[in-house]
Protein chains: 4
Amino acid sequence: MTHSRTVELEGHIIDSGTMQRCFGAVMDLGGSFDVQQFDVGKHETEESYCRLTVSADDPETLRDILHELHQNGAVLEDPSEVDLVAAPADKVVPPNFYSTTNHPTEVLYDGEWIDVERIEMDCALVVDPGGDSGESPRAYTKTLNAVDEGDLVATDQSGIRVNPPERPRSGGGAFGFMQGGVSAERPSESTIREVAEELRAVKEDGGNVMVVAGPAVIHSGAGDALADLVAAGYVDALSAGNGFATHDLERSIYGTSLGMNVETLEHPRKGHKHHIWTISEIIRAGGIEAAVDEGIVTEGVMYECVVNDVDTVLAGSIRDDGPLPDTVTDAVEAQNAIREQAHDADLVIMLATLLHSVAVGNCLPSTTKTVCVDINPATVTQLLDRGSAQAIGMVTDIGTFVPTLAEFVLEGDA
Amino acid sequence: MTHSRTVELEGHIIDSGTMQRCFGAVMDLGGSFDVQQFDVGKHETEESYCRLTVSADDPETLRDILHELHQNGAVLEDPSEVDLVAAPADKVVPPNFYSTTNHPTEVLYDGEWIDVERIEMDCALVVDPGGDSGESPRAYTKTLNAVDEGDLVATDQSGIRVNPPERPRSGGGAFGFMQGGVSAERPSESTIREVAEELRAVKEDGGNVMVVAGPAVIHSGAGDALADLVAAGYVDALSAGNGFATHDLERSIYGTSLGMNVETLEHPRKGHKHHIWTISEIIRAGGIEAAVDEGIVTEGVMYECVVNDVDTVLAGSIRDDGPLPDTVTDAVEAQNAIREQAHDADLVIMLATLLHSVAVGNCLPSTTKTVCVDINPATVTQLLDRGSAQAIGMVTDIGTFVPTLAEFVLEGDA
Amino acid sequence: MTHSRTVELEGHIIDSGTMQRCFGAVMDLGGSFDVQQFDVGKHETEESYCRLTVSADDPETLRDILHELHQNGAVLEDPSEVDLVAAPADKVVPPNFYSTTNHPTEVLYDGEWIDVERIEMDCALVVDPGGDSGESPRAYTKTLNAVDEGDLVATDQSGIRVNPPERPRSGGGAFGFMQGGVSAERPSESTIREVAEELRAVKEDGGNVMVVAGPAVIHSGAGDALADLVAAGYVDALSAGNGFATHDLERSIYGTSLGMNVETLEHPRKGHKHHIWTISEIIRAGGIEAAVDEGIVTEGVMYECVVNDVDTVLAGSIRDDGPLPDTVTDAVEAQNAIREQAHDADLVIMLATLLHSVAVGNCLPSTTKTVCVDINPATVTQLLDRGSAQAIGMVTDIGTFVPTLAEFVLEGDA
Amino acid sequence: MTHSRTVELEGHIIDSGTMQRCFGAVMDLGGSFDVQQFDVGKHETEESYCRLTVSADDPETLRDILHELHQNGAVLEDPSEVDLVAAPADKVVPPNFYSTTNHPTEVLYDGEWIDVERIEMDCALVVDPGGDSGESPRAYTKTLNAVDEGDLVATDQSGIRVNPPERPRSGGGAFGFMQGGVSAERPSESTIREVAEELRAVKEDGGNVMVVAGPAVIHSGAGDALADLVAAGYVDALSAGNGFATHDLERSIYGTSLGMNVETLEHPRKGHKHHIWTISEIIRAGGIEAAVDEGIVTEGVMYECVVNDVDTVLAGSIRDDGPLPDTVTDAVEAQNAIREQAHDADLVIMLATLLHSVAVGNCLPSTTKTVCVDINPATVTQLLDRGSAQAIGMVTDIGTFVPTLAEFVLEGDA
């Protein structure tokens with residue numbers, strides 16, 4: 001017996017690849033389709049519309065197909081209201097709960113499509129009905145560990161509309177639209193120039209710039225350039241780890257990073273006591289801000305972040321030495337802090353850290369512009385695959401990238 | 001002033017991504033389009049048809065756009081005949097000559113669309129008018145260095161139709177359709193099992209299997225397994241280099257590869273005289289076949305290739321020691337030998353060599369199935385990017401891949 | 001003015017590279033040396049002895065040189081007692097505290113050299129004087145965050161003797177002695193065979209085997225093979241993260257890993273709701289053990305660990321979804337749990353995870369045998385650089401490595 | 001029965017690692033040693049001397065051990081004359097011929113130690129006795145394919161003395177002494193500054209600088225910077241391939257590289273007809289120099305090489321399109337041309353090409369300073385492993401490396 005449903009798609013669905021993905025999904029999953037109507041936008045600025053009926057031999061296959069189409073923006077022809085079920089206990093979601101994508105999403109509640117706030121992927125979708133005192137209903141995401149007993153959690157996918165990003169009608173520049181692969185063979189300085197232009201443009205528009213940085217930024221000698229960008233006001237939030245901060249502070253206190261002087265390259269191999277001494281100095285002072293106040297730390301990225309009131313999150317990890325008193329050692333607490341930064345960001349620049357970049361990427365909606373820089377192509381690929389619509393991936397050396405970026409941004413050379 | 005032309009596209013142009021690429025190209029290159037007609041195939045088995053007019057502000061932009069559309073299969077609404085110009089001298093093509101893609105191609109000559117033989121990319125397209133004695137006209141590719149004075153070479157792109165591969169309606173299995181990225185995080189043994197199935201299927205259909213192998217196959221200890229596949233008749237052609245052959249022969253003569261015993265791992269570091277001694281032994285014998293005949297070489301891949309009459313090409317390179325007498329040291333001559341192998345192949349398996357794989361890939365039409373295996377993701381990405389329509393890219397260890405493949409193929413475990 | 005001190009070195013100090021490193025360190029740091037006595041072991045089994053005076057122009061340089069020599073096993077000619085200072089507050093070490101290496105270490109206390117327990121790098125060295133009730137004095141390491149007010153912490157390096165591992169007189173086999181680089185071009189199956197032999201030998205000797213595993217083990221389809229090794233009693237401790245456990249449990253519950261069926265390779269791209277559903281199922285059950293008890297989880301690595309009472313630590317990280325109730329989200333708490341596992345281990349096998357491998361490696365003495373397997377050469381290099389004396393680094397595909405290892409171990413084929 | 005021989009070693013044999021390697025080799029290969037005399041240099045400037053007797057149970061093992069010791073500079077206590085055998089035919093060496101290392105080497109002929117000219121690894125060692133007309137005897141290397149019938153070829157290793165490079169007594173700077181591993185985590189700009197200093201120093205001393213460049217130099221947008229270095233006289237020889245030259249010429253003629261404008265990043269994907277058109281233009285002109293003369297090529301690296309009379313070798317490979325008329329398509333002929341360049345070089349800078357770098361590295365003595373730059377750590381490791389004594393390996397982005405280097409060199413900023 002054949003099971004069928006009819007769905008609709010709308011927008012720049014051809015050149016955004018939506019139709020290709022939808023037709024492909026139906027065939028890959030073993031279903032078939034019947035196009036009821038397809039109005040192709042005649043010009044590049046006109047939207048297209050498609051209504052198609054998909055069929056499968058069993059209801060499970062049909063459900064899987066509809067799930068795929070749903071994630072690509074398809075809505076059932078006659079959408080019903082969102083299906084809400086109360087969470088039975090703290091952290092426990094109802095069976096068959098709806099797990100969010102990172103695309104802008106709406107829910108049909110009480111006859112109206114309302115925007116889901118704080119969209120990010122792999123979350124539960126909770127609706128607050130508003131109520132007596134006249135508040136409007138609201139919908140927002142909640143991570144599993146944040147779900148409270150009684151939260152009204154969306155299940156299945158009825159009454160939920162996903163809006164995947166569309167190919168921009170103009171420009172996009174270096175920010176390729178959902179481009180897949182990453183090649184090291186692109187013109188490096190020209191690409192950095194485009195990042196510099198974007199960084200300046202975002203700040204000129206009053207936007208929020210978040211930098212995610214790994215310790216390699218310091219080891220590779222790029223700390224001064226990043227500190228310059230912070231000092232010049234180009235960084236609103238810094239998301240890093242205990243290692244990044246320690247090596248940056250070590251440079252300020254001892255002039256070395258992992259025991260190597262990054263100017264003279266003198267490297268007392270294995271004599272890396274400086275980083276652990278740095279940590280003990282900061283513990284003794286009571287924290288980074290106190291160490292800056294006491295004049296123990298007088299330069300570097302962390303120094304500039306303190307002095308310029310940059311919103312800084314140091315997230316702990318199991319490979320940390322110390323850790324510094326400022327490091328948030330609980331992963332859930334750290335995630336929540338990162339989440340706040342991520343939701344505020346208009347441009348995220350990820351510098352040579354897979355761990356922190358993935359953590360930040362997990363919290364980002366697909367509409368936030370991101371720049372991912374790493375010398376390992378696999379890292380850049382993994383980050384771009386998370387589905388930001390406007391992303392630059394660059395396989396390059398962080399030790400030359402940041403100084404070149406800073407030069408282009410600060411000397412107006414961009 | 002606006003310049004316009006109208007083109008047509010036909011086939012599974014939505015789910016193969018053709019329309020997405022065409023609309024994208026027009027916008028990227030600064031033109032605009034006007035869809036005259038768009039008939040969408042109602043079911044997955046029906047083809048679609050699109051006629052659209054593209055416009056640009058200047059003729060150069062329009063030409064660039066049409067070039068892109070052409071490469072994606074678009075043809076001008078009223079195609080004129082192919083525009084042929086005689087080559088003015090050996091190796092010299094006429095200005096504005098047509099450079100081929102690797103997709104199946106036809107030319108409109110004397111009122112008929114004729115298939116272009118021996119299609120491969122970046123070649124000149126030569127038409128032989130046939131003639132007096134009643135032969136039909138023929139069209140084929142020629143590399144630049146093979147062009148003879150007087151050859152009738154196609155120029156511009158009028159009268160030429162490109163047929164990019166379409167998404168297969170069913171299956172494809174592990175051979176993803178023009179998939180972009182490459183991930184190391186795929187189930188290895190299951191993927192190898194699919195390659196084994198394909199290899200057996202191709203041989204059962206009487207197909208031709210070409211193996212392209214780098215020296216790492218031998219260093220990694222996979223030589224025996226490859227020799228077993230050759231001995232069992234699964235390899236019709238071997239394309240390799242002087243290094244591969246030398247290290248394989250070294251194993252037969254001295255039991256080592258680059259001086260290391262691949263069984264016991266004993267490795268007289270820097271005592272790598274064996275490979276140069278091997279070369280001198282083969283030179284003394286007069287070549288590999290002679291060395292096999294004399295009983296100097298008694299096992300290994302080269303031995304099995306000699307004994308089983310496998311079509312073998314050893315292409316020279318500037319990093320070769322020796323070289324062996326069997327190595328073709330002239331690059332053009334070697335390319336031509338590789339070209340013959342490539343045009344005969346139904347399945348090409350590329351094992352841990354970028355140089356030879358690119359050389360082979362350059363000669364392949366986009367319709368030949370290929371498997372690319374390397375431990376470096378950048379190598380696999382580069383090979384897949386050459387545009388084979390049905391390709392498996394695998395980031396894995398050649399030293400475990402080949403033995404596992406041989407086990408699945410030979411023990412019927414696939 | 002010249003500042004000088006005389007130090008002694010003893011053991012297999014030539015072929016272990018100790019003398020090369022010591023002479024090199026003096027020259028690199030700008031000092032000079034005067035060999036007072038050098039008795040070279042006449043045979044390979046005889047130890048050598050060297051007494052040398054090092055000089056520098058200023059006391060700081062001399063101190064740096066002595067620090068380097070100390071870390072390579074040199075002791076001052078007339079060693080004084082260890083210099084202990086009470087920690088002024090919890091987590092606060094005295095200035096100039098001694099930061100440990102990962103080599104076996106002794107302290108001279110009360111006239112006797114006593115072994116430092118639980119040696120690991122970058123820790124404080126605390127001496128417990130024993131005392132009234134007749135206990136002997138003890139020395140042990142403490143991480144900075146574990147230091148309590150009043151702990152007697154070693155400062156400087158007087159009275160401390162480091163014993164770097166020496167080149168083994170016989171064998172070592174695949175476990176190369178402090179080998180630096182990592183090459184992908186080694187015979188893969190032979191190397192895996194050596195690991196298998198070592199694994200069996202350690203278990204036959206009643207040793208403790210610790211496996212550190214990343215999620216790629218599951219994605220690459222190697223989960224069943226690892227589960228088999230656990231079931232057969234070859235794994236005493238598992239150190240992994242929330243991701244590894246989630247994907248393993250997803251396989252048991254849904255038959256997929258990250259939404260892909262690792263047998264059939266069917267992959268509902270982006271339809272990766274299974275992993276988050278898995279987490280919610282386990283939360284609902286109350287944890288992994290409960291889920292096993294309830295029959296929700298019936299196979300896989302985690303299942304075998306529960307059933308076979310394997311000591312399991314799931315350490316949290318900021319990129320975790322969920323997390324599972326079993327995941328230790330606090331980094332310091334997780335480190336302490338990992339530390340217990342690491343100190344018990346006789347053989348550590350690190351499978352495709354940089355984060356967890358570094359965390360474990362940080363806790364290991366240099367004498368523990370380790371095997372590091374990853375497809376990224378940079379990861380393997382980084383892990384080997386941490387200075388285990390007996391380590392195998394292998395750049396290979398985890399998806400073929402684990403099944404091949406399991407086959408060699410379980411079928412007695414090693 | 002025990003077989004023994006006594007050998008001598010001299011020089012800075014402890015801190016250069018020679019003794020460590022020799023003792024290790026004896027033990028690894030299953031022999032034993034008896035130190036007869038060991039005079040350790042008392043100060044860092046004094047040389048050491050060691051005489052030791054090595055023994056093994058069979059003559060084969062002893063021979064293998066002696067081979068290893070020989071390659072590390074050991075000589076038999078009472079060396080006999082070099083053992084010469086006439087080559088029986090062109091390209092055919094006598095059995096058991098001596099295969100050279102890349103270290104400075106001497107032969108004992110007619111009672112005198114004479115230097116081997118044009119030392120490079122894996123060659124035959126030929127002695128020309130000089131003779132009647134009073135010429136002195138000479139010794140030099142010959143590749144196997146260059147050996148002529150009757151050449152007097154050294155066999156075994158008697159009468160041959162190898163002088164592996166020793167750790168320099170002072171400095172060396174960034175040019176680490178035979179350092180093994182390669183890390184991406186070094187301060188990039190400081191390292192580039194050291195390369196710039198070395199480049200300027202070599203030119204100030206009238207030295208010869210050879211640049212080996214791959215096509216990524218052009219794709220990554222670094223062509224202008226390299227052209228600037230050539231124009232300023234910092235490059236004496238360029239060793240590259242057909243691809244490098246084609247993409248550089250394409251930039252001059254069409255403003256693109258592989259079809260991408262490296263300034264504006266506009267990239268007509270797949271519209272890469274420019275490179276094949278470039279080749280046809282150069283063929284039509286008759287070669288690169290002719291194209292420069294005719295004003296077809298007016299800028300770029302090849303242009304500057306022509307105008308500044310830089311010794312340029314374009315070596316062909318099987319992946320070439322075209323090729324250009326200037327490309328040497330025969331591998332042996334190309335090797336010989338590269339060999340001439342390599343033997344003249346005082347500093348070799350290898351930029352983003354494995355193939356050409358290995359080819360050049362094969363011809364270099366171990367005493368030539370080399371800089372290897374690539375974004376792939378495996379490439380840099382492979383190049384450094386070839387045993388240059390003074391080498392910098394840098395894992396970085398060629399697209400930022402060359403411009404930064406040019407800036408430091410040309411603006412005197414080094």
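This is a predicted model: local features need pLDDT of at least 70, side-chain atom pairs count only at pLDDT 80 or more; totals for chains, interfaces and linings use all residues.
Biologist: Which residue of chain A meets B:Asp28 in a salt bridge?

Modeller: Across the interface of chain A and chain B there are 2 salt bridges. In one that joins the side chain of B:Asp28 to chain A, the N to O distance is 2.8 Å, and the partner is A:Arg167.

Biologist: What area do chain A and chain B bury between them?

Modeller: The size of an interface is often given as the accessible area lost when the parts come together. Carbon and sulfur atoms hold 59% of the area buried between chain A and chain B, and the total is about 2300 Å². On the side of chain A, the residues that lose the most area to chain B, together 25% of what that side buries, are A:Gln20, A:Met27 and A:Glu44. So, to end on the value you asked for, the area buried between chain A and chain B is about 2300 Å².

Biologist: What rotation superposes chain A on chain B?

Modeller: The superposition has an RMSD of 0.1 Å, with 0.0 Å of shift along the axis. The same surface serves both copies, as 100% of the contact residues of chain A recur in chain B. The rotation that superposes chain A on chain B is 180 degrees.

Biologist: Turning to chain C, what kind of axis relates chain A and chain C?

Modeller: Chain A can be laid on chain C with an RMSD of 0.1 Å by a turn of 180 degrees, and the shift along the axis is 0.0 Å. The two copies are therefore related as by a two-fold rotation axis.

Biologist: Which residue of chain A comes closest to that rotation axis?

Modeller: Here we look at the C-alpha position, and the closest one lies 2.1 Å from the axis. As for the contact itself, the same surface serves both copies, with 96% of the contact residues of chain A recurring in chain C. The residue of chain A that comes closest to the axis is A:Asp330.

Biologist: What area is buried between chain A and chain C?

Modeller: In this contact, 54 residues of chain A meet 52 residues of chain C. Carbon and sulfur atoms carry 57% of the buried area. In chain A, A:Asp122, A:Ile318 and A:Arg319 lose the most area to chain C, together 17% of what that side buries. The area that chain A and chain C bury between them is about 4500 Å².

Biologist: Which helix of chain A gives the most residues to the side that touches chain C?

Modeller: Between chain A and chain C there are 0 salt bridges, but 18 residue pairs are in polar contact, both at pLDDT 80 or more. Elements giving two or more residues to this side of chain A are helix 2 (59-71), helix 7 (274-285), helix 10 (331-344) and helix 11 (354-363). With 7 residues, the one that gives the most is helix 7 of chain A.

Biologist: How far apart in helix 7 of chain A are A:Arg284 and A:Glu281?

Modeller: The side chains of A:Arg284 and A:Glu281 meet in a salt bridge, at 3.0 Å from N to O. They are separated by about one helical turn because their spacing in helix 7 of chain A is 3 residues.

Biologist: Within chain A, which residue meets A:Glu340 in a salt bridge?

Modeller: The domain assignment of chain A gives domain 1 (1-77), domain 2 (79-165) and domain 3 (174-413). Between domain 2 and domain 3 of chain A there are 2 salt bridges. At 2.9 Å from N to O, the side chain of A:Glu340 meets that of A:Arg118.

Technical notes:
Residues are numbered from 1 along each chain as its sequence is written. Chains are lettered from A and ligands numbered from 1 in the order in which they are written. Side-chain values use heavy atoms; hydrogens and water are left out. Copies are superposed by least squares on the C-alpha atoms of residues with pLDDT of at least 70 in both. Contact means heavy atoms within 4.5 Å. Buried area is the accessible area (1.4 Å probe) that two parts lose on being put together, summed over both. A salt bridge is a side-chain nitrogen of Lys or Arg within 4 Å of a carboxyl oxygen of Asp or Glu. A polar contact is a pair of N or O atoms within 3.5 Å; within protein, one must be able to donate a hydrogen and the other to accept it, and residues adjacent in sequence count only if both atoms are side-chain atoms. Helices (H or I, at least four residues) and strands (E, at least two) are DSSP runs, numbered from the N terminus. Domain bounds come from an automatic or database domain assignment.
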